[in-house]
Amino acid sequence: MTSLPYHEDPLPDARMLPPRAAVTSDAPRLSLNGQWRFDLAATVAEAPAGFSDPGFDDGGWAELPVPAHWQLHGYGRPAYTNVRYPFPIDPPHVPTENPTGSYRRTIAVPAGWAGGRVVLRFEGVDSCFAVWVNGHEVGTAQGSRLPAEFDVTEVVRPGEDNLVAVRVHQWSAGSYLEDQDMWWMSGIFRDVALLSRPDGGVDDVYVHAGYYGGAGRFRVDVDGAPQARVLLPELGVDVAPGEEVRLEAVQPWSAEVPRLYDVQVVTDTERVDLRVGFRTVRIADGLLTVNGNRVLLRGVNRHEFHPDRGRAVTEQDMLDDVLLMKRHNINAVRTSHYPPHPRFLDLCDEYGLYVVDECDFETHGFEHVGWRRNPTDDPTWAEALADRMRRMVERDKNHASVIMWSLGNESGTGRNLALMYGYAKDRDPGRPVHYERAPDGRWSDVYSRMYAPHDEVELIGRREEPARGVDPVQDAARRESPFVLCEYGHAMGNGPGGLTEYQQLFEAHPRCQGGFIWEWIDHGIRTRDAQGREFYGYGGDFGEELHDGNFVADGLLFPDRTPSPGLHEFAKVIEPVRISGAADGPLRITNLYEARDLAHLRFTWTAEEEGAEVAAGELDVPSVAPGGSVELDLPAKADGGAETWLTVRAVLAADEPWAKAGHEIAWGQVRLAERPPAEAIRADGPIALDPVRGVLTGLAGLAVDGPRLDAWRAPTDNDRIRPDAAAVGWQAIGLDRLRHRVQDVRHEDGSIVVRTRTAPAALDVGLLTTMRWTPLAGAGLQLDVSVQPEGEWTGSLPRLGLLWSLPADLDTVTWYGGGPGEAYPDTRAAARVGRFTSSIDALQTPYVMPQENGRRTDVRWAEITGGSGTGLRVAAEDGPATFGLTVRRWTSADLAAARHPVDLVPGDRVWLTVDLAHRGVGTASCGPDVLPQHELYAEPASLRLVLTPA
Ligand code: GAL
């Protein structure tokens, strides 16, 4: 191995300085962020020779910003693969075609830096680099998302301009360890700085701030400055390094109340500022606890991403993420699958988020070769892996927010994991360690799974899951440990479905301590098509020969950080206060916080008759301890006559750092009165019915066309991704190309009855629809629909709907039912009953890959209006009946054919679907499919509608 070039050598460069904590220091620091001279060569050999010499002429070079990925600045192109390596598996070798960036810039180092040590620090370079100062090579490094420091004292020239030259390789031995499911993008993508290190300064600090039995324990270990003082002025602490004090008056840190104390470590020559949170993480009696309280992780997996900047995120991007998380009731982040920019953890400390800090390590692609030569189990890579763990733990050890270390993701099993685990446990016994891949839970203090279906989670909750792994002793220990879903709820496209049922399990079984949705944000890259129209690119949009399509767009946020319906759903499902009740009372309010009472919340209520407010007020809610609940009298009663709902909302009583007073935390609804059945008044009137096609052709001057039975939806990602996906079956049957045969049109008792058989070509199954049209007073029509399946149907159906087309000048929808957002049978927690209005355009959800979307649930009536003429009102007037509603300017076929939202062009009709029934969406793109209670099969269905002009 000695002859390997540095970029193919797995051994860390011994010139890298020992890793240490990222801290705020008053020692002089020069940022090297900004414009650098840049050249990109196709191979290592073709990179310009002599570029590191101060005399080299880079006059012809372009400029590239640091931090940035060169692929997002016109050099090469981003490429996306999930599991597969985009190069042959030939470790530790990488292709000769290895894009190599040469970076140069000068920096004036103040004369005052003379005499002291000078350190050059890189926060992140993807994937491998060598660095020279004034023509002298000072070191090389791998580990894209890990810091690297070099002592440049001997070569730096204070008082002069100094040349820093960096050569960055897209591929390296390290690339084998960085097979995360994300874009392959290269360059100096995090900050670079020159640090003056004063004599007698603080080389490293390690804060120990526990919270036991109502008191704090505090000690700060300091490297390099034994004479330093450790100050915590607020509590009058002034101690020596390594001296432990017990602090009675301390308030603990938690994600709910992230109390931080300012601490300084001071020497004659340097002052380091720290924000310290007192908290103790422990696994006790098989449960993960923080300050003695069982925690329920309401988490997300966060990649660093911005649609223009990739992983070169700014402070504002990080803050946006943290604020959005806090505002959606999220309390935990797994930094999938690498340590984040160090500032992100400062923000998690400050705003309150539990963090599982994950090492920059994934070798998933070895799965494709039967895990042969997996670095995880190869001694050649032992030091590389230990080095990665060390660099993460040392950098991030002082953060209260970090409650667990994670060894990495999907790297199989092997002996090197023991080194990584061992390092963390020896150095930091106070934090549990996470790893998901070892079946028997080895190298992990928690039992972790990804995408386990609900029934398995239930068994785990009871500690009755089947044995795993080969070692029964190890397996017994695993069964004793707390359970987390390091990934669940795959948020790809429309979904994830089934979150409510997961949350019920987490709340029912103490062992099930929640988990992390996969994932936080869609990694769509902003780009343009040939016509200049902007869209978010995914795998394959950049000419990759090997790619995994839109699997990279599976977040709760759209690429521009707009919340998707999935985020609204998640926020509702995980709300920390549960509000429920029944018409005859009482109203129950349950506090699901771990450490907080409800004093920071204000409770308001409204009573609405058919969506119109009739009364409102404030609710006096007594203090409720964490885990407790209270029962109250209902603040309103119904007078009858109309469907009446009581809505109770819990909002912030005062501003919090992450949201303003009035921000909604939780809500609940109680139906006070049912909807009385409407009286339909029959009348004699004309029915504009096409006797050949059996459809209505007009209503009071409105050019209605329909309905026809529809049993199709444009496949969602969850419907179509897996080889055995539901939509494969639907398409095989031909639900996307149904034919209609009008069997007969008959006049019966003043009604017209149309019987139609809807069926796919080549098969003998069908759906018999009977539509009975009855004229009503006021130009209305009553439509009684019933559907009867015929033949041997196998498999599920996506929907049973009535499809109409309407004039294109209609533009507005007002409805009474579930809203305001999109909802499907297993994603309806966030839909509240009310009256809502939206433009047709705003009803559409712009999934990065177009698919079924925009449905509103539990609709009692809807009015589609606008344009010059009459609109249409559709109502389910029959007592408790409701329907699902979609209104769009394109068909399901258009949606299914589109690759990007820009492909969807409004047509000359508006398409209305009234669902009698609809299948859930599930999470089968990765994880369980639709739960049985949300499935839909070919079964009899019926609905009574009243159509009137609007
Ligand atoms: C997991 C993996 C994630 C992501 C996800 C699917 O197996 O850990 O990185 O690939 O599947 O989106």
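From which domains does the lining of the second largest cavity draw at least three residues each? In this predicted model, those domains are domain 1 (6–197) and domain 3 (355–571), each of which gives at least three residues to that lining.

## The second largest cavity

The second largest cavity holds about 130 Å³ of space. It is lined by 16 residues, and those closest to its centre are Pro10, Leu11, Pro12, Ala141 and Gln142.

Sorted by class, the residues that line the second largest cavity comprise 8 nonpolar, 3 polar and 5 charged.

## The largest cavity and the overall count

The count of cavities of 30 Å³ or more in this model comes to 8. The largest cavity contains about 220 Å³ of space, and its lining is made up of 16 residues, with Glu256, Lys326, Asn329, Pro576 and Tyr593 lying nearest the centre.

When the residues lining the largest cavity are divided by class, 8 are nonpolar, 3 are polar and 5 are charged.

## Surroundings of the ligand

The ligand in this model is surrounded by a set of residues that includes the asparagines Asn82 and Asn409, the histidines His337 and His490, and the acidic residues Asp181, Glu410, Glu487 and Asp554. Met450, Tyr451, Trp518 and Phe551 also belong to these surroundings.

A polar side-chain atom of asparagine 409 lies 2.8 Å from an oxygen atom of the ligand, while an N or O atom in the side chain of tryptophan 518 is 3.0 Å from a ligand oxygen atom. For asparagine 82, the distance from an N or O atom of the side chain to an oxygen atom of the ligand is 3.4 Å.

## Backbone details in the loops

One joins valine 66 and proline 67, with omega at about 0 degrees, and proline 67 is found in the loop between β4 (62–66) and β5 (79–81). Another cis peptide bond runs from glycine 585 to proline 586, with omega near -10 degrees, and proline 586 is found in the loop between β36 (577–581) and β37 (587–591).

A further backbone detail concerns arginine 463, which has a positive phi of about 55 degrees although it is not a glycine. Arginine 463 has its place in the loop between α5 (454–461) and α6 (472–480).

## A region listed in UniProt

In an unreviewed entry, UniProt lists residues 680–948 for "domain: Beta galactosidase small chain/". In the model, the chain over residues 680–948 is 7% helix and 44% strand, and the C-alpha atoms at the ends of this stretch are 12 Å apart.

Notes
Residues numbered from 1 in each chain as written. Predicted model: local features only at pLDDT ≥ 70, side-chain atom pairs only at ≥ 80, totals over all residues. Heavy atoms only, no water. 1 Å grid on protein atoms, 1.4 Å probe; cavity = no way out; pocket = protein on both sides within 12 Å on 5 of 7 lines; lining within 4 Å. Points joined across faces, edges and corners; volume = space filled by probe spheres on them. Nonpolar A, V, L, I, M, F, W, Y, C, P; charged D, E, K, R; others polar. Domains from an automatic or database assignment. UniProt positions renumbered as here; feature names shortened; annotations may be inferred. Helix = DSSP H or I, 4+ residues; strand = E, 2+ residues; numbered from the N terminus. Near = heavy atom within 4 Å. Polar contact = N/O pair within 3.5 Å; in protein donor to acceptor, adjacent residues only side chain to side chain.
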